[in-house]
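Please work through the following exercises with the sequence and the model at hand. Each task is followed by a solution in steps.

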Amino acid sequence: MIQFKNRFSILDKMVLNSVQRDAVLYTGGPELVFAGAGTGKTRVLTAKIAYLIDSGIAPGHIFAATFTNKAAREMRSRVESLIGIPVNGLWIGTFHSLCARILRMEGRAISYDSAFTIYDSDDQLSLIKKVLKSLDIDDRSITARQAAGLISRYKNRCMTVEEVEKMAKGFYEQEISRIYKQYQKLLREQQAMDFDDLLSNTVFLFRHNSELLQRYQRLFKYVLVDEYQDTNTAQFLIIKELCALHGNIFAVGDDDQSIYGWRGAQIDNILYFENVFPNTRVFKLEQNYRSCRTILNFANAVIADNEKRTQKQLWTERNEGEAVQVCRYRDDRQEALAIAEKITNSVKGKIRGGDVAVLFRTNAQSRVFEEAFRRSRIPYILVGGISFYERAEIKDCLAYLRLLVNPRDDLSFDRIYNVPARGLGEKAREQLADYAKKSSLSMLQGLLNVDVAALGSRYQKGFSELKSIFELLIDLCNNGTPVEKILNEMLQLTGYLDILNKEKTEESLGRLENVNELLNAIAIWSRDNPDKKLSDFLEEVSLVSDIDSWEKKENAVNLMTLHCAKGLEFKHVYLVGLEDGIIPSKQNFDDESKIEEERRLLYVGITRAMEKLECSHVDQRWRFGVLLPGVPSRFLQSLPKSYFDYKDESISFGQINPSVEKKAAMRSKVSQQVQSPSEMPGYEDFSQETVEFRMGQYVRHKSYGRGRILSISGFGDDMKLTVLFNDGVRRKLMAKFANFEN
DNA sequence: GGCGTAAGACTTTTT
DNA sequence: GTCTTACGCC
């Protein structure tokens, strides 16, 4: 029995309302906290952990699952500042990272050793493509993507290969089950797990090793779960097993913010929580501290249209606030330009760029905004898109490092055996693969074992080069050489750096910079984590999300998807592209439960706003290079007009919204400080380059001479220019390295 | 076996 | 409009 004393010492440090306080203090078994948007969910969760530790439960006995690493990091540091001591042993992190930790220690029970590799979705897709080829399945009948989706669904429900095999009906399902079987076999052989495996393998591990399960049941005296509405079946099973003995589960969530159904999340987990955990005590946090009344009413009205939800109504003591605006624009370009202008006017007042967010349904929508912001010289941060660790050159580097930790990772071997090119192609690979298969070795193990001459004289040079590189790197690794030194050595030995250096195209310079950035990141990481190993670094890298590295910058406007925005708040929010087919997404038209999820997504977006909310839709939108017509989202159309002010801005040509302009002009006159963009504070935050290029512009390059810009593509750091030089050669340059002379 | 060009697909959201 | 893949030439 746990003794709870010092009841109030910790609580006194936190300002909690009475429901929050009751939720924190309750320790009588299963507990479910419905925490509406902005009702202080994180505060309660943090207080709960601090309270448990203060009551005598060692941090190492607490298991707390959050939705992002960022949330985990923040929560850990808040708990530490509350109780005043470090909580090193605390198990806090995403489900994926917590499971990875368990699997690294216990994987032997399911034939995985502690050095297994984590495959991201790209790797997963590559491996499935390989499987399709080996099973001779035409990728026009089943695409790798489809197979990946279905396999992921099986795994999310913790269905084993055998179970799927048994229930597969019809040709299609049987084919998928064949793919699943072969895919799992390859993963096992290569000692690799995909994201779903981290969860499902943990379930399988517990399922087949009751002693081990009991050990963890005793270890974790308290289980806390954030964002419970977004848990999938595998996560649910893990939780259920872990608290089967004591029932000490504390789940926090909001069914109205369940937006990951497409990833296997079961909203039923939260809705039927009380059926699964008997004698559950339910708390409902309904007082919202974030948004003003107009916004909250708007949000309540939108979500009220959903059938499948628990009854609740957010309320606030905050002021009425400005009316919610719904704007109609002519097309997405006008939408972006108009919003850029509105933001420009806002930042002339007391609003900073960092207080503002533009939220959209799909990543593709960010482009027009980037363009408009560049034009208006508004600093911005784009969250998501192609992440650093997905870039080809970074994945090459990581593949080398992965192989040093796990030599059985054939997928990584495939990636790099001829990178940089050393004359080894498909034929060469087959030679080595034959040998490896005969000797039951992985590709790299085979290479290290084989007499290279036996693989054919044509490939001897390439293979012996690769072999000696790895022999050297493995030596360094065994000597405990710092990771950045190993990577640096790899870059030198393989000639990767030389090739990039020689190439001198502006694109290669970009790649070079990325590689250097990786070296720096590793060096910093090693310094901060002196007792961690290369394998730890690789794991952290595999499990980072886009939002994990996001930091609010004072002056930079935030651009992100609605999914990314969950859990965040901004003074001003622009919800853009509210058209039927975008939100709700066309692909979810068929199913009412999916429509409800889309409505929740909109609800999540709305409830991010504190003071000002503008929703917008356009008549026409550029997609795939053509203009497509659009109608306002059904979610807007079903709303009584009393909840918002409607503005048709599609009719205004040229200068947009003169009334806003006039007001802003008046305000700046009063305050006597008109800021030109270049004097904007924190302008150095503006990573997006200050130089602007136009099509047709004449430029002079230090080595290529004079030329004319033919086309511009991409934005920010990725902006590329196609320039026709006077020597008649067309060259593609990275704008940020172009360094033109005047 | 490497490199360039052309056709095709593609956009939901992400640990 | 952009990215990936396939194919043909060197």
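**Conventions**

This is a predicted model, in which local features need pLDDT of at least 70 and side-chain atom pairs count only at pLDDT 80 or more, while totals for chains, interfaces and linings use all residues. Residues are numbered from 1 along each chain as its sequence is written, chains are lettered from A and ligands numbered from 1 in the order in which they are written, and side-chain values use heavy atoms, with hydrogens and water left out.

**Exercise 1. Describe chain A as a whole.**

Step 1. Chain A contains 30 helices and 20 strands. Helices (H or I, at least four residues) and strands (E, at least two) are DSSP runs, numbered from the N terminus.

Step 2. Of the 742 residues in chain A, 55% are buried. Buried means under 20% relative accessible area, exposed over 50%, and partly exposed in between (1.4 Å probe, protein chains only).

Step 3. Consider contacts in chain A between residues at least 6 apart in sequence: 74% of them join residues at least 24 apart. A contact means heavy atoms within 4.5 Å.

**Exercise 2. Locate the cis peptide bonds listed here and give their omega angles.**

Step 1. Val-419 and Pro-420 are joined by a cis peptide bond with omega about -5°. Pro-420 belongs to the loop between α18 (410–416) and α19 (426–438).

Step 2. A cis bond also runs from Ile-583 to Pro-584, with omega near 5°. Pro-584 is placed in the loop between β13 (570–575) and α27 (592–606).

**Exercise 3. Are Cys-158 and Glu-227 buried or exposed?**

Step 1. Cys-158 sits in the loop between α6 (144–156) and α7 (161–167). Its phi is near 55°, a positive value in a residue other than glycine.

Step 2. Because its relative accessible area is 3%, Cys-158 is buried.

Step 3. Glu-227 lies in the loop between β6 (222–225) and α11 (233–242), and its phi, near 50°, is positive in a residue other than glycine.

Step 4. With a relative accessible area of 9%, Glu-227 is buried.

**Exercise 4. Which residues surround Asp-197?**

Step 1. Asp-197 is part of helix α9 (residues 195–208). Its relative accessibility is 1%, so Asp-197 counts as buried.

Step 2. Leaving aside neighbours within four places in sequence, Asp-197 is in contact with Leu-103, Lys-155, Gln-184, Leu-187 and Thr-202.

Step 3. The side chains of Asp-197 and Gln-184 are joined by a polar contact of 3.4 Å. A polar contact is a pair of N or O atoms within 3.5 Å; within protein, one must be able to donate a hydrogen and the other to accept it, and residues adjacent in sequence count only if both atoms are side-chain atoms.
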